[in-house]
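My entries follow in the order in which I made them.

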Amino acid sequence: MEALLLDAFEHLETNPAFWLCLTLGFYVFGQFVFKAAKFNPFASPIIIAVILLILTLVVTGVPYETYFAGAGFIHFLLGPATVALAVPIYRQRGKLVQLWLPLSIGLVAGCTAAMVSVILIGAAFGVSADTLLSLVPKSVTTPIAMGISESIGGMPDLTACFVVLTGMTGSIICRSVFRIARIKPDSVCGCALGVAAHGMGTGAAFQISQRAGAFSGLAMGVSGIISAFLAPLLAFPVMKLLGY
């Protein structure tokens with residue numbers, strides 16, 4: 001029986017559709033866990049799915065490249081998913097137009113703080129130059145972050161890992177941070193999550209309200225564009241000042 005199972009897995013291992021279905025299956029399972037845990041942020045479907053996938057790859061010894069051959073389709077869908085955020089943004093267009101000046105200033109300041117702070121923290125821990133450049137776009141949504149990382153000399157795959165960790169952390173601690181800092185306006189909460197925690201933060205923002213989700217989606221999209229311009233302008237001078 002064991003030999004049959006091993007033989008079956010060897011055939012499935014090279015089948016891209018298997019890894020795609022497994023990824024989706026783990027995410028659906030994560031949703032059940034999330035609901036059972038009464039929407040505890042530590043039981044987020046993304047966290048559950050990521051942990052289960054890592055355990056599966058480690059136990060089976062399957063290379064990441066083999067897995068990504070099938071699950072890469074989900075990576076492709078990140079682009080359309082990001083574009084789809086235009087719907088809630090359009091619904092909140094009136095409020096967005098009224099707040100364009102504070103939004104613009106806040107987004108530029110947020111992007112600058114996100115990039116400069118991670119360079120300073122990384123340098124304090126003696127992180128290598130390549131890793132620092134990979135960390136710079138960590139708060140930007142994955143497709144844009146990987147492009148920024150490649151353009152400034154970072155490692156896109158490593159950047160993708162940092163982006164996921166950043167999003168997971170932001171979505172987990174956001175409510176506690178807002179409560180401690182006494183931040184209540186949905187627009188402020190949404191923008192903070194979009195700038196700091198990209199797509200996962202936007203998902204957390206929609207759990208706050210539709211308005212928070214709309215502002216988060218806008219902040220995520222615009223901050224990606226701002227970061228694409230600011231990254232090379234800020235990263236290299238700051239790193240040079242730090243002796244890199």
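Before looking at handedness I wrote down the convention: a crossing is left-handed if the near helix is turned anticlockwise from the far one by less than a right angle, and right-handed if clockwise. I also noted that helices (H or I, at least four residues) and strands (E, at least two) are DSSP runs, numbered from the N terminus.

Entry on the source. I am working with a predicted model, in which local features need pLDDT of at least 70 and side-chain atom pairs count only at pLDDT 80 or more, while totals for chains, interfaces and linings use all residues. Residues are numbered from 1 along each chain as its sequence is written, and side-chain values use heavy atoms, with hydrogens and water left out.

Entry on the whole chain. I found 13 helices and 0 strands in the protein chain, and the pattern read along the sequence is α-α-α-α-α-α-α-α-α-α-α-α-α. Of its 244 residues, 39% count as buried, where buried means under 20% relative accessible area, exposed means over 50%, and partly exposed lies in between (1.4 Å probe, protein chains only). The accessible surface of the protein chain comes to about 13,500 Å², and 72% of that belongs to carbon and sulfur atoms; such areas come from the Shrake-Rupley method with a 1.4 Å probe. Taking contact to mean heavy atoms within 4.5 Å, I noted that residues 24 or more positions apart account for 63% of the contacts in the protein chain with a separation of 6 or more.

Entry on helix 11 and helix 12. I looked up how helix 11 (residues 156-181) meets helix 12 (residues 186-208), and their axes come within 8 Å and cross at roughly 70°. The axes are lines fitted to C-alpha atoms, for helices over the stretch in contact, and the angles run from 0 to 180 degrees between N-to-C directions. Angles under 35 degrees count as roughly parallel, over 145 as roughly antiparallel, 65 to 115 as roughly perpendicular and the rest as oblique. Helix 11 and helix 12 are therefore roughly perpendicular to each other, and their crossing is right-handed. Helix 11 contributes residues including Val163, Gly167, Met168, Cys174 and Phe178 to the contact, and helix 12 contributes residues including Cys189, Leu193, Ala196, Met200 and Ile208. By class, the residues of this contact divide into 13 nonpolar, 6 polar and 1 charged, with Ala, Val, Leu, Ile, Met, Phe, Trp, Tyr, Cys and Pro counted as nonpolar, Asp, Glu, Lys and Arg as charged, and the others, Gly among them, as polar.

Entry on single residues of this region. Met168, which has its place in helix 11, is buried, with a relative accessible area of 15%. Not counting residues up to four places away in sequence, Met168 touches Ile47 and Met200; Met168 and Pro41 are 127 residues apart in sequence, yet 8.9 Å apart in space, C-alpha to C-alpha. Ser187 lies in helix 12 and is buried at a relative accessible area of 13%. Leaving aside its neighbours within four places in sequence, Ser187 is in contact with Leu99, Arg211 and Phe215. In the loop between helix 11 and helix 12 I found Arg182, which is exposed, with a relative accessible area of 73%. Arg182 has a positive phi of about 55° although it is not a glycine. Most residues other than glycine have a negative phi.

Entry on two further helix pairs. Helix 8 (residues 100-124) and helix 13 (residues 210-241) pack at an angle of about 45°, with their axes 8 Å apart, which makes helix 8 oblique to helix 13. Their crossing is right-handed, and the residues of the contact divide into 18 nonpolar, 3 polar and no charged. Helix 2 (residues 16-36) and helix 3 (residues 45-60) pack at an angle of about 135°, with axes 8 Å apart, so helix 2 is oblique to helix 3. The crossing of helix 2 and helix 3 is right-handed. I listed residues of this contact, among them Trp19, Phe26 and Phe34 of helix 2 and Pro45, Leu52 and Leu57 of helix 3; by class, the contact has 14 nonpolar, 4 polar and no charged residues.

Last entry. Ile144 lies in helix 10 (residues 142-152) and is partly exposed, with a relative accessible area of 30%. Ile144 and Gly224 are 80 residues apart in sequence and 6.3 Å apart in space, C-alpha to C-alpha.
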